[in-house]
Amino acid sequence: MADQSRPGESCGALTGMRVIDLTGRMGAYCGRLLANLGAEVILIEPPEGDSLRRQGPFKNEVPHPEGSLAFAAYHTNKRGICLDLESEPGRKALLELARHADVLIEDKPVGYLDRLGLGYQALQILNPRLVITSISGFGRSGPYRDFKAPNLITFAMGGLMSLCGHPERPPLVGPCDVAYHLGSVHAAFGTLVALYNRRESGHGGRVETSLQDVLVADPFLRMITRYGVNGEVPQRTGHSQPTTVAETYRCEDGYVRVFCNQPDHWKRLVQWLGNPAELLDPKFEDVPNRFPLRPLLDRFIEERT
C-alpha cells in the first residue's frame, strides 16, 4: 500500500494500512501494538461504549466514559466509531469498512460474527486481501471453544498459575492481565507475518490465537523442557525466582518490597544489612549462586525491616 503519511510525520512499518479493531479487553493491546507501528486502527465500539470506559482509574478520580485511564492506555493512537452490529445498518457499515481494510482483529465468542454474516468466509469473499486475526481463550475448535475466557481462567488453564505464589499457599494469578497481554502480542506477531506473506500471495488469510496455547508455548514450555531433560518439576517460590531475589517484608508501619538482581544492587543490599560474613563471598554477586540463600536472606532482611 502506498505511503499515506503527511510531510513531517514519522513513518512506521504499517503506515498506510487500515486495521478494523473489533476487540474488547482481551485483544485491545493487539490493536494498540499495530497502531504504534503506524497503522490506522479504527476501534469499533458498541452503542454502550467499550467496557474499558467504565474501568478505573479515572482522571481526577471522577468516573466518566471519557476519563478512564485504562481505556486511554489500551486504545492510544486509535480512531473510533460506534456501531451496533446487531442492526442491519451497523453490519453494512462494518462491511464497507472491511472492504477497504487490510486487517480485521476480533475477540468475539466463537461463532458470533458468523451468525451476523460477518465471519471469515463472508469477509474473504468481500475482500480477499483482508487479514482476519481472531483471539480466543481456547481456540476456535475443540472441547473448550465455547468456554468463557477471563484472564484468570486462561492464566490457570495455561499452567502458569501453578508457579505463582508461595509454596505453602494456594497458587495465584499473575499481575496485569498476563494472558490477555501475551495473547495480544502473539496475535500482533501473527498479523505481521500474514501481511508479509500477502506481499507474495496477494491474499490475506486467517490468524488464530488461543490464549491457552500462548501461555503453554511462551514461558511454560521452558518448564516442560526442564522436566524432560532432568526431571525437574518447578515449584512456587513466592516472589523470588532463580533469576532474581525479591520479596515483600513486614515493617513497623506496613510492608516493603525488596528487589535485587544486579551486582550493584547486591553490594548495596549487603552493605545495608551490615556486611554479614555469610554474604560476603564474591560468588554471590552472580544471581543463581545466591538464590539458595533465600531463607538466610529473609532472616537478615526481616530483622532489618
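Contact is taken here to mean heavy atoms within 4.5 Å, and the structure described is a predicted model. Its open sheet comprises six strands in the order β3-β2-β1-β4-β5-β6, with parallel pairing. Because β3 (79–82) and β6 (205–210) stand at the edges and have a single partner strand each, one side of each is left without a neighbour in the sheet. On average, and with direction ignored, neighbouring strands of this sheet are turned by 20 degrees against each other. Within the sheet, strand β4 (residues 103–106) runs parallel to strand β5 (residues 131–136), to which four bridges join it; Leu104 has Ile132 in β5 as its bridge partner.

Helix α3 (residues 88–99) packs on the sheet, where it touches β1 (18–22) and β2 (40–45), and its direction makes about 145 degrees with that of β1. At the start of α3, the backbone nitrogen of Gly90 has a side-chain oxygen of Ser87 within 3.2 Å.

The buried residues in α3 include Gly90, Arg91, Leu94, Leu97 and Ala98. These residues cover an arc of only 120 degrees around the axis, which puts them on the same side of α3, whereas Pro89 and Lys92, on the other side of the helix, are exposed. The packing partners of the buried residues of α3 are the strands β1 and β2 together with α5 (120–126).

Note on methods:
Residues are numbered from 1 along each chain as its sequence is written. This is a predicted model: local features need pLDDT of at least 70, side-chain atom pairs count only at pLDDT 80 or more; totals for chains, interfaces and linings use all residues. Side-chain values use heavy atoms; hydrogens and water are left out. Two strands pair if DSSP finds at least two bridges between them. Helices (H or I, at least four residues) and strands (E, at least two) are DSSP runs, numbered from the N terminus. Axes are lines fitted to C-alpha atoms, for helices over the stretch in contact, and angles run from 0 to 180 degrees between N-to-C directions. Buried means under 20% relative accessible area, exposed over 50%, partly exposed in between (1.4 Å probe, protein chains only). The arc is that of the directions from the helix axis to the C-beta atoms. A polar contact is a pair of N or O atoms within 3.5 Å; within protein, one must be able to donate a hydrogen and the other to accept it, and residues adjacent in sequence count only if both atoms are side-chain atoms.
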